[in-house]
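Biologist: Please show me the model. Then I will ask how each label was reached.

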Amino acid sequence: MAGLLALSRTIDRINEFIGRWVSWLILLAILVSAGNAVIRKALDISSNAWLELQWYLFGAAFMLAAAYTLKQNDHIRIDIVYGMFSRRVQHWIDLLGHLFFLMPFVVLMVIYFVPYVSLSFHSGEMSTNAGGLIVWPAKAILLVGFFLLALQGVSEIIKKIAIMRGDMEDPNPFVSAHEQAELEAKALAEEAKALAGEVRS
């Protein structure tokens with residue numbers, strides 16, 4: 001298990017590094033969008049390439065950060081039923097979900113996208129829009145995103161098994177939406193008390 005956990009930590013580090021850095025692509029997409037709007041209004045000049053670049057940047061941020069989001073356990077989850085079970089049952093739900101839903105899907109996407117990207121690259125596929133960009137980098141981003149998600153799926157499966165065996169602590173203890181709201185309300189109440197105390201003194 002030690003070797004598998006070392007592999008999991010390596011995958012986590014890779015996806016954390018990528019996830020943190022691609023967040024800057026959102027800012028870049030905003031700057032491109034703003035610059036395009038200003039140039040179009042001021043100089044009456046525009047190009048489909050600028051619009052497509054915005055889509056590429058946003059798509060890259062979304063796809064390349066998906067694995068990091070899974071690592072952080074921040075994907076949207078409907079916990080009405082999930083929250084009713086013990087933490088051990090929740091671990092089983094997560095493990096079976098990763099094994100039978102996440103992994104088959106992401107592996108299928110990787111297998112599908114390899115020839116899809118290869119064909120686009122070798123044909124020099126261009127956008128159908130006038131003045132648009134080459135298409136294969138956008139398709140390659142999809143392939144890389146699903147590959148990173150597949151790697152993170154492997155890491156999550158390893159961690160779930162290790163947690164259930166008692167080989168590691170749970171890095172993401174489950175907190176229901178109700179409990180989260182209570183914790184936030186308590187923190188706000190304590191903040192307000194501290195602020196009131198400062199004002200009185």
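What follows is a set of questions and answers about the labels used for this structure.

Biologist: What kind of model is this, and how confident is the predictor in the chain?

Modeller: This is a predicted model. The mean pLDDT of the chain is 84. Of its residues, 93% reach 70 or more.

Biologist: Where is confidence lowest, and where is it highest?

Modeller: It is lowest in helix α5, residues 79–82, with a mean of 71. It is highest in α7, at 92.

Biologist: Why are α2 and α3 called roughly antiparallel?

Modeller: Start with the general idea. Two packed helices are described by the angle between their axes and by the distance between those axes. The axes of α2 (residues 24–43) and α3 cross at roughly 165°. The cut-off for roughly antiparallel is over 145 degrees. The two helices are therefore roughly antiparallel to each other. Their axes come within 8 Å, and α2 passes α3 in a left-handed crossing.

Biologist: Which residues make that contact?

Modeller: From α2, they include Leu25, Leu28, Val32 and Asn36. From α3, they include Trp50, Leu53, Leu57 and Ala61.

Biologist: Why are α3 and α7 called roughly parallel?

Modeller: Their axes cross at roughly 10°. Angles under 35 degrees count as roughly parallel. So α3 and α7 are roughly parallel to each other. Their axes come within 8 Å. The crossing of α3 past α7 is right-handed.

Biologist: Which residues meet there?

Modeller: On the α3 side, Tyr56, Gly59, Ala60, Met63 and Leu64. On the α7 side, Phe146 is one of the residues in contact, and Ile141 is another.

Biologist: How far is Leu28 from Asn129?

Modeller: They are 101 residues apart in sequence. In space, the C-alpha to C-alpha distance is 22 Å.

Biologist: How do you know whether His91 is buried or exposed?

Modeller: His91 is found in helix α6. Its relative accessible area is 5%. The cut-off for buried is under 20%, so His91 is buried. Leaving aside neighbours within four places in sequence, His91 is in contact with Lys160, Ile163, Met164 and Asp170.

Biologist: And Ala150: buried or exposed?

Modeller: Ala150 lies in helix α7. Its relative accessible area is 11%. Buried means under 20%, so Ala150 is buried. Not counting residues up to four places away in sequence, Ala150 touches Met103 and Val106. Ala150 and Val110 are 40 residues apart along the chain. Their C-alpha atoms are separated by 8.4 Å.

Biologist: What does Val106 touch?

Modeller: Val106 touches Phe146, Leu149 and Ala150, again not counting residues up to four places away in sequence.

Biologist: How many residues are in the largest nonpolar core, and which have the most contacts inside it?

Modeller: This core has 25 residues. Those with the most contacts inside it are Leu64, Val106, Phe146 and Leu149. The elements that give two or more residues are α3 (48–64), α4 (66–71), α6 (87–123) and α7 (136–165). Among them, α7 gives the most, with 9 residues.

Methods: Residues numbered from 1 in each chain as written. Predicted model: local features only at pLDDT ≥ 70, side-chain atom pairs only at ≥ 80, totals over all residues. Heavy atoms only, no water. Core = buried A, V, L, I, M, F, W, Y, C linked by side-chain atoms within 4.5 Å. Buried < 20%, exposed > 50% of the residue type's maximum accessible area, 1.4 Å probe, protein only. Helix = DSSP H or I, 4+ residues; strand = E, 2+ residues; numbered from the N terminus. Contact = heavy atoms within 4.5 Å. pLDDT = per-residue confidence, 0-100. Axes fitted to C-alpha atoms, helices over the stretch in contact; angles between N-to-C directions. Parallel < 35°, antiparallel > 145°, perpendicular 65-115°, else oblique. Left-handed = near helix turned anticlockwise from the far one by under 90°.
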